[in-house]
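This report describes selected features of one protein model. Please examine the sequence and the structure before reading on.

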Amino acid sequence: MNKAFVKESDQEDDDEAAALALAIPAGSKNYIRPEGYQRIKGELLQLIDVDRPEVVRIVHWAASNGDRSENGDYIYGKRRLREIDRRIRFLTKRMDSAFIVDPSAHYGSDQVFFGATVTYSNQHGEERTITIVGIDELDPLQGKISWVAPVARALTKAREGDTITFQAPHGVEELDILEVRYPAPAAD
């Protein structure tokens, strides 16, 4: 095997491990909501059961065509296979380190914890609604922010009606907490 490929793969794994270490504060758990865990599990199963076998079939077919050095299907297939395997390793590590927290346990509470959907207004009167989620569920465009984000950390343990201050990237900001909600518990 060409050393360049081994070096690239090792380097990317190291980069992934470094990003993983930076994302979760030292001594903290990888909190995730049940639906976030199911999404990761679904992606992992899709990769293992569908995507990887399909790429292996294509690589096998391409390899049987002879000269591999100029065979685009073979070269692309091998690269895609490495990407899939890298993603499988990453998702497996994330699932192994996940600590599932059901936010419905706080249903009816007015205090902000992991999984809360919080509506607040800033000192300019602008209202915003966010949901505090796990690092793997992050989607700022949908109002889902990580529990390690500065605003989420400042909101945690505050109550509806409280005013909090925190250091935002553009300076100190005051937020008035207008509403705190949690999903209702599932009916058994």
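## The second largest pocket

In this predicted model, the second largest pocket has a volume of about 170 Å³. Its lining consists of Tyr120, Asn122, Glu126, Glu127, Arg128, Val151, Phe166, Ala168, Pro169, His170, Glu173 and Leu175. By type, six of the lining residues are nonpolar, two are polar and four are charged.

At least two residues each come from strand 3 (117-122), strand 4 (127-133), strand 6 (163-168) and strand 7 (171-181).

In soluble globular proteins, nonpolar side chains tend to be buried together. The largest nonpolar core in this model has 24 residues, and those that touch the most other members are Val112, Val118, Tyr120, Ile130, Ile132, Val151 and Leu155. Strand 3, strand 4, helix 4 (150-155), strand 6 and strand 7 each provide at least two residues of this core. Another core, of 16 residues, lies apart from it; Val55, Ala63, Leu81 and Ile88 are among its members.

Val151 belongs to the largest core and also lines the second largest pocket. With neighbours within four places in sequence left aside, Val151 is in contact with Tyr120, Ile145, Phe166 and Leu175.

Asn30 lies in strand 1 (residues 30-32). Is this residue buried or exposed? Asn30 counts as buried because its relative accessibility is 3%, and buried means under 20%.

The side chain of Asn30 forms polar contacts with the side chains of Ser97, at 3.3 Å, and Asp136, at 3.4 Å. Beyond its neighbours within four places in sequence, Asn30 is in contact with Ile24, Arg94, Ser97, Ala98, Phe99 and Asp136.

Conventions:
Residues numbered from 1 in each chain as written. Predicted model: local features only at pLDDT ≥ 70, side-chain atom pairs only at ≥ 80, totals over all residues. Heavy atoms only, no water. 1 Å grid on protein atoms, 1.4 Å probe; cavity = no way out; pocket = protein on both sides within 12 Å on 5 of 7 lines; lining within 4 Å. Points joined across faces, edges and corners; volume = space filled by probe spheres on them. Helix = DSSP H or I, 4+ residues; strand = E, 2+ residues; numbered from the N terminus. Nonpolar A, V, L, I, M, F, W, Y, C, P; charged D, E, K, R; others polar. Core = buried A, V, L, I, M, F, W, Y, C linked by side-chain atoms within 4.5 Å. Buried < 20%, exposed > 50% of the residue type's maximum accessible area, 1.4 Å probe, protein only. Contact = heavy atoms within 4.5 Å. Polar contact = N/O pair within 3.5 Å; in protein donor to acceptor, adjacent residues only side chain to side chain.
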